[in-house]
Amino acid sequence: MQSMRRFPHAVWSYVRHAPGTYLWLAALFLTTVAMHHMDPHFEHEFLRQRSTNLQELSTNPVRVFVASLFWIDGSSWWPYAVLYTVFHAQAERWLDTWRWLVVVAAAHVLATVISQGFLLWAIREGHAPPSSVNSLDVGVSYALAGVVGVLTYRLVPPLRYVYLAVVLVVYGGPLVTGRTFTDLGHFVSVLIGLACHPLVHDRGAPWNPLTLLRRRNRPARRTDHPRTQEERRPPCPNPPAER
């Protein structure tokens with residue numbers, strides 16, 4: 001019963017220490033609701049104008065860099081709520097809001113520039129159609145991949161290396177098999193997150209999640225009943241002789 005009473009307080013504390021993450025999630029919720037009320041044809045054109053594709057980047061890069069962070073391409077909002085809670089909130093609570101924003105911005109901007117530069121090269125070499133300049137490229141996945149990368153330093157070795165291996169497989173596999181500009185952008189975002197190591201050097205000792213399991217498995221300390229004053233009194237070393 002006591003743990004149930006503490007749960008709302010623990011949830012609020014978790015959210016309160018990651019304000020940027022949950023304000024961003026709230027904005028994504030509102031834009032997702034609005035998008036689901038749009039006509040499908042209008043929705044596609046609306047998102048294209050807020051996409052970080054070559055056409056929009058060449059005309060108004062600042063606007064689309066910002067706008068693309070607040071729209072999800074026809075996806076459900078709930079998976080992002082889970083991913084933001086697991087990764088973004090952890091990174092923000094660990095790094096602080098401003099350093100977390102640096103990682104988010106670096107991954108989002110640099111990965112977009114690199115992946116779109118690759119697409120431009122592919123168009124010029126004939127590996128992609130010219131219509132790709134208007135490709136739909138909205139969403140928050142580059143920023144998320146960058147945060148997933150920087151969280152590598154949150155863990156103690158050897159868990160750190162296991163986590164990194166899983167991340168490289170998850171993001172590197174599609175790059176090997178699909179080789180699209182978005183696959184490249186995701187993998188580059190992870191590398192950018194790893195390159196943000198200077199931001200974490202003073203954020204405390206790495207975390208070992210196994211310590212939580214050890215605490216839960218630790219037996220409860222035995223609590224004896226309070227003893228009376230006579231029971232607590234030590235025995236007399238030289239008791240008086242009986243008469």
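**Figure 1. Trp77 is buried, with a relative accessible area of 15%.** Buried here denotes under 20% relative accessible area, exposed over 50% and partly exposed in between (1.4 Å probe, protein chains only). The structure is a predicted model, in which local features need pLDDT of at least 70 and side-chain atom pairs count only at pLDDT 80 or more, whereas totals for chains, interfaces and linings use all residues. Residues are numbered from 1 along each chain as its sequence is written, and side-chain values rest on heavy atoms, without hydrogens or water.

**Figure 2. The chain contains 12 helices and 0 strands.** Helices (H or I, at least four residues) and strands (E, at least two) are DSSP runs numbered from the N terminus. Read from the N terminus, the order of elements is α-α-α-α-α-α-α-α-α-α-α-α. The chain has 243 residues, of which 39% count as buried.

**Figure 3. The chain holds 7 aromatic pairs.** Phe46 belongs to helix H3, while Trp71 sits in the loop between helix H5 (61-67) and H6, so the pair ties together parts that are 25 residues apart in sequence. Phe46 is buried at a relative accessible area of 15%, and Trp71 is likewise counted as buried, at 11% relative accessibility. Trp77 and Trp78 are also paired: their ring centres are 4.9 Å apart and their planes stand at 70 degrees, so this pair is edge-to-face. Within this second pair, Trp77 is buried at 15%, but Trp78 is exposed, with a relative accessible area of 60%. Trp24, Tyr84 and Trp100 make up one aromatic cluster. Rings of Phe, Tyr and Trp (its six-membered ring) pair if their centres lie within 6.5 Å; planes under 30 degrees apart are stacked, over 60 edge-to-face and the rest tilted.

**Figure 4. Helix H3 (residues 40-48) packs its buried residues against helix H2 (19-36) and helix H4 (54-59).** The buried residues of H3 are Glu43, Phe46, Leu47 and Arg48. At the start of H3, the backbone nitrogen of His41 is reached to within 3.0 Å by a side-chain oxygen of Asp39. Such a polar contact is a pair of N or O atoms within 3.5 Å; within protein, one must be able to donate a hydrogen and the other to accept it, and residues adjacent in sequence count only if both atoms are side-chain atoms.

**Figure 5. Asn53 occupies the loop between H3 and H4.** With 0% relative accessibility, Asn53 counts as buried. Its side chain reaches the backbone nitrogen of Gln55 at 3.3 Å. Apart from neighbours within four places in sequence, Asn53 contacts Arg48, Gln116, Val133, Asn134 and Ser135. Arg48 in this set is also one of the buried residues of H3.

**Figure 6. Asp96 lies in the loop between helix H6 (78-95) and H7.** Asp96 is partly exposed, at a relative accessible area of 27%. The side chain of Asp96 reaches the backbone nitrogen of Arg99 at 2.9 Å. Not counting residues up to four places away in sequence, Asp96 touches Ala91 and Arg203. Asp96 and Gly20 are 76 residues apart in sequence, and their C-alpha atoms are 9.7 Å apart in space.

**Figure 7. Leu164 is part of helix H9 (residues 159-177).** The relative accessible area of Leu164 is 22%, and the residue is therefore partly exposed. Leu164 touches Thr152 and Leu194 when residues up to four places away in sequence are not counted. Val148 is 16 residues from Leu164 along the chain, with a C-alpha separation of 9.3 Å.

Note on methods. Contact = heavy atoms within 4.5 Å.
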